Amino acid sequence: MKLTCEMNTLHWHIIDAESFPIVSESIPNLSKAGAYSPNAIYSPDMVKDVVSYAKYRGVRVVAEFDVPGHSYSWGKSDANLVVNCPAYSHNINNIPLNPTLNNTYEVLTKFFGDMAPLFPDRYMHTGGDEVVFGCFTNNPQVSAWMKQMGFT
């Protein structure tokens, strides 16, 4: 008997700094304001179709929602969701979510609550790479919060 390993995972990097193309039913403004255009949006039904199509063919779908870095598109619906750091604004990939506000965690909880049923795989990828920490330390609100929390 011969065993083989096949690549059967679609790692779907859905959200990034440039665009927020997936509909969150709890927070529809994320895609309304953050997508490239109204025609460049994945509805929950479209996502279910992709996952079902893949599953039928033996392919698992692992969604990636890149946070806390690369989060500029989140801020298009609510500017407070992201850190204001003018020294780093020349590249929108430098803009992270604002860790100092309870609302940020409430939005994340609602969003991932909406996404979990759409992606039945055991795993979901949150990215977490390429966070520009200088943006955090450049912002007085975030740097004070970091000091209070004992973060460096």
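Q: Which residue in strand 2 is the bridge partner of Leu10?
A: In this predicted model, local features need pLDDT of at least 70 and side-chain atom pairs count only at pLDDT 80 or more, whereas totals for chains, interfaces and linings use all residues. Residues are numbered from 1 along each chain as its sequence is written, and side-chain values use heavy atoms, with hydrogens and water left out. Strands (E, at least two residues) and helices (H or I, at least four) are DSSP runs numbered from the N terminus, and within strand 2 the bridge partner of Leu10 is Val61.

Q: How many bridges join strand 1 to strand 2, which run parallel?
A: Two strands are taken to pair if DSSP finds at least two bridges between them. Strand 1 and strand 2 run parallel, and the number of bridges joining them is six.

Q: Why is strand 2 largely enclosed by the rest of the structure?
A: A residue is called buried when its relative accessible area is under 20%, exposed when over 50%, and partly exposed in between (1.4 Å probe, protein chains only). Strand 2 is largely enclosed because, of its six residues, the number buried is five.

Q: Which Met residue is in contact with Phe119, leaving aside its neighbours within four places in sequence?
A: Contact here means heavy atoms within 4.5 Å. With those neighbours left aside, the residues in contact with Phe119 include Trp12, Ile14, Ile22 and Phe65, and among them is also Met124.

Q: How many residues apart in sequence are the parts that Cys85 and Cys135 tie together?
A: A disulfide, counted when two cysteine sulfur atoms lie within 2.5 Å, joins Cys85 to Cys135 with an S to S distance of 1.8 Å. The link of Cys85 and Cys135 is left-handed, at -80 degrees about the S-S bond. Because Cys85 lies in the loop between strand 2 and helix 3 while Cys135 lies in helix 4, the pair ties together parts whose separation in sequence is 50 residues.

Q: What is the relative accessible area of Cys135?
A: Cys85 is buried, with a relative accessible area of 1%. Cys135 is also buried, and the relative accessible area of Cys135 is 0%.

Q: What is the angle between the planes of Trp12 and Tyr42?
A: Rings of Phe, Tyr and Trp (its six-membered ring) pair if their centres lie within 6.5 Å, and planes under 30 degrees apart count as stacked, over 60 as edge-to-face and the rest as tilted. Trp12 is buried at 12% relative accessible area, whereas Tyr42 is partly exposed at 31%. The two form an edge-to-face pair, 5.0 Å centre to centre, and the angle between the planes is 80 degrees.

Q: Over the ring of which residue does the charged end of Arg57 sit?
A: A charge sits over a ring if NZ of Lys or CZ of Arg is within 6 Å of the ring centre and within 35 degrees of the ring normal. The charged end of Arg57 sits 3.5 Å from the centre of the ring of Tyr53.
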